[in-house]
Amino acid sequence: GCGMLGWVFILFEIFVGEAGKVCSDDPKVNKYVKESFNIMRFIVTVGWSIYPLGYFFGYLLGAVDPSALNLVYNLADFVNKIAFCLAIWSSAKNSTIAGNEGALLG
């Protein structure tokens, strides 16, 4: 129960808090960073929901076998972390390419 408060705070921050406002309102934030930020919002909202759902169904309801729950948690960690890194990499790559357009050595 209390552990979800951190997740709720992060959701608040990325949607209506300072981070969300800077990303949507600041003209210095380029379009690739905005795209990446929106992808990461999705990951934090949907991807991270696996953990409280697993806790609810696995531990509180006893509806899931502990070994299966462990597998789901590990797969979720794997997918969430890779997706997060790919969003960052894509933003950096596209920002670099856009910044080098017309450059002599780009």
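Apart from its neighbours within four places in sequence, Phe 57 is in contact (heavy atoms within 4.5 Å) with Gly 62, Ala 63 and Val 64. This is a predicted model, in which local features need pLDDT of at least 70 and side-chain atom pairs count only at pLDDT 80 or more, while totals for chains, interfaces and linings use all residues. Residues are numbered from 1 along each chain as its sequence is written, and side-chain values use heavy atoms, with hydrogens and water left out.

Phe 57 lies in helix H4, residues 50-60; helices are DSSP runs of H or I with at least four residues, numbered from the N terminus. At 38% relative accessibility, Phe 57 counts as partly exposed, a class that falls between buried (under 20% relative accessible area) and exposed (over 50%), with a 1.4 Å probe and protein chains only. The C-alpha atom of Phe 57 is 9.1 Å from that of Leu 69, which is 12 residues away along the chain.

What about the cysteines? The structure holds zero disulfides, a disulfide being a pair of cysteine sulfur atoms within 2.5 Å. The sulfur of Cys 85 is 18 Å from the closest cysteine sulfur, in Cys 23, and therefore too far for a bond. Cys 23 is buried at 8% relative accessibility, whereas Cys 85 is exposed at 52%.

Key
Helix = DSSP H or I, 4+ residues; strand = E, 2+ residues; numbered from the N terminus.
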